[in-house]
Amino acid sequence: MKEVGKKIKEFCDWLNSILSEADKLYSQEKESLKGSQKALQFLSEISPYIRELETLIQDFKTMLSGYQRIHERAVKEEERAKKIQWRLKYGGCTVIKFVPCGKNCRGCPHGPYRYRVVKIGGKQHWIYEGKA
Ligand SMILES: [Zn+2]
């Protein structure tokens, strides 16, 4: 990106110097055939550079639209992440249940405990919220 911008600036500086030189020539020799011939020569000299500039601008546009796509995708990702964060914090439904500890102790099953069950992307997340 920076490289293309630098090239375009260099080219524009160069083009400006050529054009101001052509202006000088034109005002110096406005009426003479020689002047118009020189102006014509300048124009034909700079035409390949103008084509190069067009190519650079096209490349620049392509890069820009690429960056725009990346930016749009990042914005969507961020929105999605925010929604998931919100759901993990506040969403889902509350489940209160007793839970066996697996050791088959005297106190089994333990609880009741409160959980919030949130489904994200088809997967259930059980968020422990303490004793009920
Ligand atoms: Zn137990």
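## How E1 meets E2

Strands E1 and E2 run antiparallel and are joined by six bridges. E2 covers residues 110-120, while E1 takes in 93-99. This is a predicted model, by the way, so treat everything below as a description of a prediction.

Val95 sits across from Tyr115 in E2, and Ile96 faces Arg114 in E2.

Move on to E3 and you find another antiparallel pairing, with seven bridges linking E2 to E3. Ile120 lies opposite Lys123 in E3. E2 and E3 form a hairpin with two residues between the strands.

Put together, the three strands make an open sheet in the order E1-E2-E3, with antiparallel pairing. Which strands are at the edges? They are E1 (93-99) and E3 (123-131), each of which pairs on one side only. From one strand to the next, the twist averages 35 degrees.

## Overall layout

Zooming out, the chain has two helices and three strands.

The dimensions are worth a look. The C-alpha trace spans about 110 × 20 × 20 Å along its principal axes. The radius of gyration of the chain is 35 Å, whereas a compact globule of 132 residues would come in near 14 Å. As for burial, 1% of the 132 residues count as buried.

Take the contacts in the chain with a separation of 6 or more: 34% of them come from residues 24 or more positions apart.

## Ile46 and its partners

Is Ile46 buried or partly exposed? It counts as partly exposed, because it has 17 C-beta neighbours inside 10 Å, and being buried takes 20 or more.

Who does Ile46 touch? Once neighbours within four places in sequence are set aside, Ile46 is in contact with Leu15 and Ile18. Ile18 is 28 residues away from Ile46 along the chain, yet their C-alpha atoms are separated by 8.2 Å.

## Two domains

The chain splits into domain 1 (1-89) and domain 2 (91-132). How far apart are the centres of domain 1 and domain 2? Taken over C-alpha atoms, the answer is 61 Å.

The two domains do touch, with four residues from domain 1 and five residues from domain 2 taking part in the contact. On the domain 1 side, the residues that touch domain 2 divide into three nonpolar, one charged and no polar.

Note on methods:
Residues are numbered from 1 along each chain as its sequence is written. This is a predicted model: local features need pLDDT of at least 70, side-chain atom pairs count only at pLDDT 80 or more; totals for chains, interfaces and linings use all residues. Helices (H or I, at least four residues) and strands (E, at least two) are DSSP runs, numbered from the N terminus. The radius of gyration is taken over C-alpha atoms; the globule rule is 2.2 Å times the number of residues to the power 0.38. A residue is buried if 20 or more other C-beta atoms lie within 10 Å of its own, exposed if 12 or fewer, and partly exposed in between; C-beta atoms are placed from the backbone. Two residues are in contact if their C-beta atoms, placed from the backbone, lie within 7 Å. Two strands pair if DSSP finds at least two bridges between them. Axes are lines fitted to C-alpha atoms, for helices over the stretch in contact, and angles run from 0 to 180 degrees between N-to-C directions. Domain bounds come from an automatic or database domain assignment. Ala, Val, Leu, Ile, Met, Phe, Trp, Tyr, Cys and Pro count as nonpolar, Asp, Glu, Lys and Arg as charged, and the others, Gly among them, as polar.
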